[in-house]
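Subject: Structure handover

Hello,

Here is the structure I promised to pass on. Please open it first, then read the notes below.

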2 protein chains.
Amino acid sequence: MSEFLKKVVIERLDGDTAVIEEDVTIQESRMSVFLNGEKAISMMCIPVDQDAHALGFLMGEGVISDVSDVDKIEISEDGLRVDIFTNKINEESLKHLYTEKTLVSGCGGGITGNVENAVEVDFIESDFTVEVDYIRSNVKQFYQESELYRLTGCVHKAMLILDDGLTICAEDIGRHNAIDKVVGKARLSGKCTSRAILVVSGRLSSEMVVKAVMHKLPIVVSRTAPTFLGVKTAMAHGITLIGFARGQKMNIYSHSARLSGFKRVGI
Amino acid sequence: MSEFLKKVVIERLDGDTAVIEEDVTIQESRMSVFLNGEKAISMMCIPVDQDAHALGFLMGEGVISDVSDVDKIEISEDGLRVDIFTNKINEESLKHLYTEKTLVSGCGGGITGNVENAVEVDFIESDFTVEVDYIRSNVKQFYQESELYRLTGCVHKAMLILDDGLTICAEDIGRHNAIDKVVGKARLSGKCTSRAILVVSGRLSSEMVVKAVMHKLPIVVSRTAPTFLGVKTAMAHGITLIGFARGQKMNIYSHSARLSGFKRVGI
């Protein structure tokens, strides 16, 4: 990843003295995603894992439903253009790529007609359970292994802990992008994510939780805070949402029945 | 702002015991901005200072050039719709609201024809200078006064320090939004921003620096890191960019001639 570290000359001020010296910053680039030759979106990111990034994003938006629908993914020589060729596009989701998305329960019941871009999703009913100590040890490792953050203070990280204990990691300047990348990497390698734990460094706003719902990830963990809408989205769609996971502590916001290894008090 | 704090019941786990108790999260809402009756954009935000938010955003995107072009701003009763009526719209910028924007020097020279949505900006040539101690004392105050962050850990803050020493603050779940709000508030109250200092809590990616360029803010300060493209944008367009402003320390990345009260060593 060191090719994304760019040197700059700074004045490092402390008290009344500024030392002129070299420092490193992270490079961000604009990557464009083309779907069957048509430009779908462009985004600022660290251009690595571009195929996974583009695929994870489009699947999270419901534009592509299954990785088996993808015929070919090409990355341009400069790394800033990804071409995805697929035989099956959800045109409605593609049309609404820049507008709001409303998740509705996939219960077969009626969907109100005035919801713009309603995406039907199933409640996540995974029977997957884990010990909280297992999450703690993985989270500890997660924080120890981010060299880009240590050097630049300017990246987010995401990690998928798969059912077999293997982990998939990605870093990016954007917390959205880091999630898209890890899920895309799992898809590209044919890994099952329905028994996976998503660990992220950033806040859990509703948009982050929606990504987890779209990718059917049962447990989401962050070192920092969720929003109220993030909590409500997790409750409504069956996500175990954990915030402020630091050392022995974590706040559990929803569906804690998937977690074991502790007792509950306070009622 | 307390109406945006929402109570939730959480399991606060520490070691092997989870205490079931009340906690607060921040509410986020989707706000839609309509321009002369047509929907321009919708965004997740804390719906407060909606008029300033919408105006600051549209001016930062170059859609509206001057606050005097605005005839009327209306906020719906539920606070989630802002209607801006203006007699002058930059249609080209509006068309490109969702695509990249490329800043080019407003030197009257030739613009290459293949740059999509080129926005011509002048190099910021403000003769405004400040003592670094003045920035430090304002930054110190900036961190002490964020109740929403203290309670939820889930908001960004921005502050404009005006030439007369007055400050304008705003908080939001998004760092983009917080900047749009403070600049919009300054515009709505007729304040001059060409001798103002922008202080932000979030990272200085290129998009944040571009906002400062568009609003002609000569000095930008963050408690955290810039990206390489953020530094390059600041250099190219005349912004004094300061990162990692904490206590007596700060890293100065560009155009430090506007800053006084320290000596330089190390060459």
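First, a term for what follows: a residue is buried under 20% relative accessible area, exposed over 50% and partly exposed in between, with a 1.4 Å probe and protein chains only. Helices (H or I, at least four residues) and strands (E, at least two) are DSSP runs, numbered from the N terminus.

This is a predicted model, in which local features need pLDDT of at least 70, side-chain atom pairs count only at pLDDT 80 or more, and totals for chains, interfaces and linings use all residues. Residues are numbered from 1 along each chain as its sequence is written, chains are lettered from A and ligands numbered from 1 in the order in which they are written, and side-chain values use heavy atoms, with hydrogens and water left out.

**Helix α1 of chain B**

Helix α1(B) spans residues 50-60. It is mostly covered, with 10 of its 11 residues buried. Those are B:Gln50, B:Ala52, B:His53, B:Ala54, B:Leu55, B:Gly56, B:Phe57, B:Leu58, B:Met59 and B:Gly60. After the helix comes B:Gly62, with a positive phi near 80°.

Look also at B:Asp49. This residue sits in the loop between β4 and α1 of chain B. Most residues other than glycine have a negative phi. B:Asp49 is partly exposed, at 24% relative accessible area.

**A sheet in chain B**

Two strands pair if DSSP finds at least two bridges between them. In chain B, 4 strands make an open sheet, in the order β4-β3-β6-β5, with mixed pairing. Its edge strands are β4 (38-45) and β5 (70-75), each of which pairs on one side only. On average, neighbouring strands here are turned by 20° against each other, direction ignored. For such angles, axes are lines fitted to C-alpha atoms, for helices over the stretch in contact, and values run from 0 to 180 degrees between N-to-C directions.

Strand β5(B) runs antiparallel to β6(B) (residues 81-86), and 5 bridges join them. One pair of bridge partners is B:Ile73 and B:Ile84, the latter in β6(B).

**Strands in chain A**

Strand β12(A) covers residues 197-200. Both of its faces are covered: A:Ile197 and A:Val199 are buried on one side, A:Leu198 and A:Val200 on the other. In a regular strand the side chains alternate between the two faces of the sheet.

β12(A) has bridges to β10(A) (residues 156-161), 4 of them, and these two strands run antiparallel. There, A:Ala158 has A:Val200 as its bridge partner. Another 4 bridges join β12(A) to β13(A) (residues 219-222), and this pair runs parallel. A:Ile197 has its bridge partner A:Ile219 in β13(A).

A:Asn36 lies in the loop between β3 (29-35) and β4 (38-45). Its phi is positive, about 50°, although it is not a glycine. A:Asn36 is partly exposed, at 37% relative accessibility. A:Met44 belongs to strand β4 of chain A. A:Met44 is buried, with a relative accessible area of 13%. Its C-alpha atom is 8.9 Å from that of A:Ser32, 12 residues apart along the chain.

**Cysteines**

How many disulfides does the structure hold over all chains? The count is 0, where a disulfide is a pair of cysteine sulfur atoms within 2.5 Å. Take B:Cys154: the closest cysteine sulfur, in B:Cys45, is 13 Å away, so a bond is out of reach. B:Cys154 is buried, at 1% relative accessibility. B:Cys192 is in no disulfide either, and the nearest cysteine sulfur, in B:Cys169, is 18 Å away. B:Cys192 is partly exposed, at 49% relative accessible area.

**The second largest pocket**

The second largest pocket has a volume of about 450 Å³. On a 1 Å grid over the protein atoms alone, a pocket is an open set of points where a 1.4 Å probe fits, with protein on both sides within 12 Å along at least five of seven lines; lining residues have an atom within 4 Å of a point. A volume is the space filled by probe spheres set on the points, which are joined across faces, edges and corners.

Of its 25 lining residues, the closest to the centre are B:Met59, B:Ile64, B:Ser65, B:Met214 and B:Lys216. The largest share of the lining, 4 residues, comes from β8(B).

Best wishes
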